[in-house]
Amino acid sequence: MTTGNPSYTNPKPCKHLADYKLNHGLSGYKSLQKHLKTAPHGKTSVGKPSTKTPRCISCDGFQGRLYFCLICSSVSCLDHNLLHTQSEVGHDVAVDIERAELYCCVCCDQVYDPDFDKAVMSKHIMGITGDKNGDESIGKRLVKRRRLGSGVVEELVDSKISKQLISMRDRRAKSCYPLGLRGLNNLGNTCFMNSVLQALLHAPPFRNYFLSGGHNHETCRKRSVDQLCLSCDIDVVFSAAFSGDRAPYSPAQFLYSWWQHSANLASYEQKDAHEFFISVLDGIHEKEVKSRNQNRDNGDCQCIAHGVFSGLLRSDVTCMTCGFTSTTFDPCVDISLDLDTSNFPPKNTANKSIKPDANSSMSTLLGCLDLFTRQEKLGSDSKLYCQNCQERQDSAKQMSIKRLPLVLCLHIKRFEHSPVTKMSRKIDRYLQFPLSLDMTPYLSSSVVRNRFGNRIFAFESGESDISAEFEIFAAVTHAGTLESGHYVNFLRLRNQWYKCDDAWINEVDEGMVRASQCYMMFYVQKSLYQKANEDWSHLPISPRRNMFGQ
Amino acid sequence: MRASVNRPPTPDVGDTQEKQPTLEEIINIKFIESGEKERLMELLRERLIECGWKDEMKALCRAFVKKKGRNNVTVDDLVHLITPKGRASIPDSIKAELLQRIRTFLVSAAL
């Protein structure tokens with residue numbers, strides 16, 4: 001994956017901009033800088049102190065877009081800026097007053113110059129008085145490089161050795177089913193557990209770790225301290241799933257272990273799959289931390305749960321009065337998204353609009369991600385203390401992703417709680433999602449850049465060591481209501497969809513997945529997905545004691 | 001050739017420069033200079049983002065650029081493309097809210 005997104009490389013300047021820079025260098029930008037007005041939420045405009053309303057020199061108009069000539073400071077409107085270049089040779093480059101963007105009057109188009117954007121951004125940074133750390137929040141950051149345990153996410157089996165072994169095919173079950181596909185029996189409303197387990201079983205880096213003996217029962221020190229280790233039990237489930245035996249498996253030992261860990265959730269009542277997912281990762285992490293006697297925070301944690309699922313979220317809180325932004329970073333193992341409920345109905349393939357229906361209109365995953373990274377104005381009743389202004393001010397908050405995990409779990413918040421009626425209900429909106437997801441627009445660099453108008457400026461660095469392209473491999477879907485419903489998992493292995501409904505596994509087509517209501521979507525980095533799809537056919541099935549029994 | 005005697009008088013140089021500002025212009029200038037226009041623009045931007053209008057326009061522009069090719073599109077093309085569609089698709093609730101604010105301003109400015 002190349003460093004950086006190609007669409008953010010500097011566009012080539014037009015001939016007129018190049019000529020201007022040759023003749024005038026940066027002097028025009030520097031003198032303009034004095035007149036730049038910066039707004040707290042990122043907009044920049046040109047504010048001339050002399051006249052209150054700028055007017056076109058040709059028609060005296062003040063409506064619409066007005067342009068400020070960089071050489072002679074005269075103002076023209078869109079209709080007359082060509083006149084200006086005709087009367088004064090060389091006065092081609094102007095600045096859009098309302099937007100602080102360069103405009104070439106001859107090419108009739110906006111042009112872009114990194115030096116100009118640097119001048120704009122410097123104004124933003126300087127504009128915040130007393131902000132010693134202003135440079136850090138917007139400029140380059142030193143990023144601690146993630147260190148993964150060596151070999152955790154690498155190939156699990158030395159392919160040379162595997163090819164020497166004779167591969168036996170399991171003749172009982174459909175031989176074209178991928179390895180590891182095995183139904184899970186419902187042990188009493190445990191569909192929530194089965195769906196999430198199926199996703200974990202087929203998350204490439206997670207699977208590779210356990211199947212390569214990443215968690216060794218013997219060396220697992222837990223056996224001596226206390227008998228419980230969620231990782232050991234997961235390891236057993238992995239062995240069972242990948243044994244080649246296609247008869248449905250009952251993960252009873254695992255369920256018991258998990259009950260011990262999450263005592264408050266130990267019952268046969270229906271549970272929330274997302275809650276289960278978080279508690280399993282937590283269980284794996286805790287044992288790891290105890291065993292190594294370390295107290296690392298989640299961001300740097302080496303345990304398999306965090307190594308695979310942990311990412312870093314960036315939260316920017318901006319004071320709406322002075323523009324001072326305070327940035328915090330929080331690790332996360334998943335991203336919870338609100339369903340996007342825009343008033344604009346999506347267009348279907350026949351290019352006609354679908355009428356929006358109150359409860360069952362379409363949302364898109366990209367729309368939800370947009371909503372997640374949108375700047376949200378916090379209400380006047382929740383004013384936050386601004387260090388710069390030294391008092392409580394109206395603020396706005398914006399989330400973005402600083403570091404992507406290997407496996408991205410997107411949790412769709414379908415359960416709505418109404419504080420008025422004190423009742424919760426499920427939101428039955430269909431969610432349109434892509435098979436290939438590019439997370440670049442939701443990274444901190446993109447989001448922060450966007451806030452300032454897509455300026456050519458280094459907003460964040462160190463993000464490009466992990467690719468932003470993801471492929472979906474599992475979708476946990478929910479049918480029914482809050483009180484009584486059923487979870488079903490859809491797995492995408494080698495580009496074929498499989499429906500995993502507890503013990504029953506079927507090949508299905510994509511339409512069936514799209515017709516369901518996705519609750520948790522699991523995306524893995526594209527390179528890992530492709531790797532996972534390639535090498536499995538060479539691997540042997542472990543010989544079992546009895547081929548025909550259970 | 002005979003000169004026409006009914007030719008209108010040559011306008012003075014002074015006359016062409018001054019125009020009587022219309023009522024609309026006076027109000028507009030007052031609107032801008034008091035900073036109210038700036039505030040309303042901010043409010044409008046916020047509302048249009050919230051209701052998804054901005055995303056819709058962005059999608060339209062993207063589709064257009066995809067069709068024409070990235071290097072064959074100017075900002076002016078995009079402005080001409082989305083202005084009519086944009087104006088037509090603004091939700092009525094937003095129009096009503098802004099009109100109300102403008103009315104309030106006019107009342108206070110007239111005093």
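This is a predicted model: local features need pLDDT of at least 70, side-chain atom pairs count only at pLDDT 80 or more; totals for chains, interfaces and linings use all residues.
Is Glu50(B) buried, partly exposed or exposed? At 48% relative accessibility, Glu50(B) counts as partly exposed, because the exposed class starts only over 50%.

**Stop 1: helix α3 of chain B**

Arg47(B) is partly exposed, with a relative accessibility of 23%.

Now widen the selection. One link in it crosses between the chains: Glu46(B) pairs with Lys377(A), with the closest N and O atoms 3.9 Å apart.

**Stop 2: the interface**

Show both chains. On the chain B side, 26 residues are in contact with 24 residues of chain A. The two chains bury about 2000 Å² between them. Carbon and sulfur atoms account for 50% of that area.

Next, look for polar links. The interface of chain B and chain A holds 3 salt bridges by the rule. It also has 4 residue pairs in polar contact, with both residues at pLDDT 80 or more.

Colour chain B by helix. The largest share, 7 residues, comes from α3(B).

**Stop 3: chain A as a whole**

Chain A has 550 residues, and 49% of them are buried. Its secondary structure comprises 17 helices and 25 strands. Take the contacts between residues at least 6 apart in sequence: 69% of them join residues at least 24 apart. Chain A exposes about 27000 Å², with 51% supplied by carbon and sulfur atoms.

**Stop 4: Asp115(A) and Lys21(A)**

The whole structure has 25 salt bridges over all chains. Select one of them, between the side chains of Asp115(A) and Lys21(A), at 2.4 Å from N to O. Asp115(A) lies in helix α4 (residues 114–127) of chain A and Lys21(A) in helix α1 (residues 15–24), so the pair ties together parts 94 residues apart in sequence. Asp115(A) is partly exposed at 31% relative accessible area. Lys21(A) is also partly exposed, at 22%.

**Stop 5: strand β21 of chain A**

Go to Glu469(A). It forms a salt bridge with Lys526(A), the closest N and O atoms being 3.5 Å apart. This pair links distant parts of the chain: Glu469(A) is in strand β21, Lys526(A) in helix α17 (residues 526–534), and 57 residues separate them. Glu469(A) is partly exposed at 28% relative accessibility. Lys526(A) is partly exposed at 26%.

Step along to Phe470(A). It lies in strand β21 (residues 469–480). What is its class? Phe470(A) counts as buried because its relative accessibility is 1%, and the cut-off for buried is under 20%.

Show what surrounds Phe470(A). Beyond its neighbours within four places in sequence, its contacts include Leu404(A), Leu406(A), Leu437(A), Met439(A), Tyr523(A) and Val524(A). Lys526(A) is among its contacts too.

Finish with a distance. Arg449(A) is 21 residues from Phe470(A) in sequence. In space the two are 22 Å apart, C-alpha to C-alpha.

Terms used
Residues are numbered from 1 along each chain as its sequence is written. Chains are lettered from A and ligands numbered from 1 in the order in which they are written. Side-chain values use heavy atoms; hydrogens and water are left out. Contact means heavy atoms within 4.5 Å. Buried area is the accessible area (1.4 Å probe) that two parts lose on being put together, summed over both. A salt bridge is a side-chain nitrogen of Lys or Arg within 4 Å of a carboxyl oxygen of Asp or Glu. A polar contact is a pair of N or O atoms within 3.5 Å; within protein, one must be able to donate a hydrogen and the other to accept it, and residues adjacent in sequence count only if both atoms are side-chain atoms. Helices (H or I, at least four residues) and strands (E, at least two) are DSSP runs, numbered from the N terminus. Buried means under 20% relative accessible area, exposed over 50%, partly exposed in between (1.4 Å probe, protein chains only). Accessible areas come from the Shrake-Rupley method with a 1.4 Å probe; for residues, only the protein chains shown count as cover.
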